[in-house]
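Visitor: Please bring up the sequence and the structure, and then take my questions in turn.

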Amino acid sequence: MSDSIIIIESPNKKDKIQKISGFETYATIGHFKDLPNHNYINFSSYAPNFEFKSEEVKKRMNFIFSKCKGKEVFIATDPDREGYAIGYMFYQVIKNIAKSIKRAEFYEITEAGIKKGLANALDFTKSNFNEFEAFKARSVGDKLVGFILSPKYINLLSDRNTSIGRVQTPALNFIVSKEKEIKAFNSLDESEKLSYKLKAHCQSEGKDFILESEKICKDKAELEDFLKFLQDTKEVKFEDKITKESKKTPDQPFRTSQLQQSANQVYGFSSDETMLLAQQLFERGLITYTRTDSNALSAEFITEVESFFGKEQWYQKREYKAGKQSQAEAHEAIRITHIHAFDEIEKIIEKANAEMNEGAKKLSADHIKLYTLIYKNSVLSQAKDKITQITNYNFTIKASPFKTSYSKVLYEGYASIFKAKDDENEVEEENPNKNNEENPVSKLDLDFLTQSSHIRLNNLENKEIKRQAPSRYKESSFISLLEKEGIGRPSTYASFLPTLLKRQYIELVKKGKNNEIAPTEKGMKIIELLLANDEWITKSEYTRTMEEVLEAISKNECKYLDFVKPLHQKMNFVNTDISNKEPSEAQIRLLEKLCKEQNKELPQDAFKDFNLCKKAIDELIKTAPKKPPSEKQIKLARDLAEKNKLELPKDYESDISICRAFIDSIFKKNKKE
């Protein structure tokens, strides 16, 4: 092996990166340090107290640190703020023992992507340390909100499964507000939900067609008056037609939010399912990095598509910028790493599976579905517009305007490539007037009409226009709302719904392929309490401002304290420092019980110091004898293993936690399937 070492996050990428680079590669397995639940900051200086997540993690990381002594180290944790923070903490530990330390970023786990990342690596001291300051602000801010507000509402609700978050709470408020709109609409009288139009059944040159009035009558009385006004005429006058072309552009290359939306619409995948599948495709070198707010494509990939498809009639070279919402110009959109024919997709997946280590989880049918979605999007982004001709026909009946329209496709463009439905990959937009048909569409081309044409009115028909109730957010549309409102980041979109579900604030109601998001009574209640006591945390404006401050910290336009102090002020500078607190009676009783069970001497200092008491309890819990499962649980585990042809885990007969985890995993898997 070389004197160079690469540090990454995910162990699933380790072997491939090591093989391509020839460098020893080690994985941190995500964050190895975190803010503890107690004494996480100094409330005077706001200095954070990051600690190893556990003694086991500390031991594992110390081994990796030791391997860096005297070596050239490439810190290649993920190319986003969270990844940089992990890399920065790693750098702080090894900066005095490594020969040199560089920051490398891998946007695709391919030979070209890894070599490019290593070639462009820069000295870590020249990397943007402000990214860590922004991470620090986000971490401390979330901790302050969670540990000051959450206990308050746990008490108000008398429910320990309660939490408040700078991001999750405004997200919940949107869901609750939508439910209130729906209830308000449903409480309206039926007459308030209806308005009326007239449909005119016409005939000219032996051809029948239908027009609709532009006038909308607010009630039946107004409709009757309109009918009386028109009833004595049988003539319709053709006034004019207006023809225009409408160009429909293919979807941009996927941002994280757009991939999640599309996968939910097309396949019904939840956000966290999509991100798990996408991460595994990324780790196998099949797609680019999955957490991105950019729509940009690299010049290399655009050239590769041109070389492969440039002679196709539908091809059009298109360049994309990162977009206004993007905070990382260097990032690309989510795309396939290399272009190939559509019918080679399954072979590509099979090849990736063949290259995986023995025992590793193979890519599945769901991976093929998501890869296919990304493949289509990558190719379609380099295709011509679809062109439709729309003709609007205008008429009058006794000077009252009526109209219809006709459309025909002049050029299929991108829509012809995969012969997919035009709306297959479109994101649904909520439109309360979508069923009002303001522009009725005729099935008949009326170009045979002239202003001198004789048009007979055969009869008039009432048409009810029912106001549509506001609809609940779908999983596919909710993420786009969060992105639009500036709530959260690509790395966190997938966590919102699982968090709200875990807290029992919402439930998912199946509707077709998609799920609608409905608040529970608990979710409605917590927002009601927050609006009365801490309304600021429910508002997207405040959260959006905080996200903007975090970005400003990254750009060195403001400082860590500019984020943390105003946030803490919102909560009246409550101090949750427990360094001088005594343990509760319940903690003392638990400590006495554990000591007695294990025949250990009581640590006297622990009865006066909260931290010592907690530490003693944690250590005793670790050394406590394992509780065995019941005979019924053992039998159930065996039956499930036999039925699902699985191997029983070690110690399942002696440790209830192992037995229960095995049973739960089977039930969860079967439920998902």
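Visitor: At about what angle to S2 does helix H2 run?
Guide: Helices (H or I, at least four residues) and strands (E, at least two) are DSSP runs, numbered from the N terminus. Helix H2, residues 55–67, lies across strand S1 (4–8) and S2, where contact means heavy atoms within 4.5 Å. Axes are lines fitted to C-alpha atoms, for helices over the stretch in contact, and angles run from 0 to 180 degrees between N-to-C directions. Relative to S2, the angle of H2 is about 155 degrees.

Visitor: What pLDDT must side-chain atom pairs have to count in this predicted model?
Guide: Residues are numbered from 1 along each chain as its sequence is written, and side-chain values use heavy atoms, with hydrogens and water left out. The model is predicted: totals for chains, interfaces and linings use all residues, local features need pLDDT of at least 70, and side-chain atom pairs count only at pLDDT 80 or more.

Visitor: Which strands stand at the edges, each with a single partner strand?
Guide: An open sheet of 5 strands has the order S2-S1-S5-S6-S7, with mixed pairing. One side of each edge strand is left without a neighbour in the sheet, because each has a single partner strand; these are strand S2 (24–27) and strand S7 (122–123).

Visitor: What does the twist average from one strand to the next in the closed barrel?
Guide: The closed barrel has 6 strands in the order S8-S9-S12-S11-S10-S13, and the pairing is antiparallel. From one strand to the next, the twist averages 35 degrees.

Visitor: Where does Glu205 lie?
Guide: Most residues other than glycine have a negative phi. Glu205, although not a glycine, has a positive phi of about 50 degrees. Its relative accessible area is 59%, so Glu205 is exposed (over 50%; buried is under 20%, partly exposed in between, with a 1.4 Å probe and protein chains only). Strands S8 (residues 194–204) and S9 (residues 207–213) are joined by 6 bridges, and Glu205 lies in the loop between S8 and S9.

Visitor: Is Leu567 buried or exposed?
Guide: Leu567 is found in helix H17, residues 560–570. Leaving aside neighbours within four places in sequence, it is in contact with Gly141, Val145, Trp536 and Tyr542. The relative accessible area of Leu567 is 0%, so Leu567 is buried.

Visitor: What is the relative accessible area of Asn572?
Guide: Asn572 lies in the loop between H17 and helix H18 (585–598). Although Asn572 is not a glycine, it has a positive phi of about 60 degrees. Asn572 is exposed, because its relative accessible area is 65%.

Visitor: About how much space lies in the second largest cavity?
Guide: A cavity is a set of points on a 1 Å grid over the protein atoms alone where a 1.4 Å probe fits but cannot get out; lining residues have an atom within 4 Å of a point. Grid points are joined across faces, edges and corners, and a volume is the space filled by probe spheres set on the points. The count is 2 cavities of 30 Å³ or more. The second largest cavity is lined by Tyr107, Thr288, Tyr289, His331, Glu332 and Ala333, and its space is about 30 Å³.

Definitions and conventions:
1 Å grid on protein atoms, 1.4 Å probe; cavity = no way out; pocket = protein on both sides within 12 Å on 5 of 7 lines; lining within 4 Å. Pairing = 2+ DSSP bridges.
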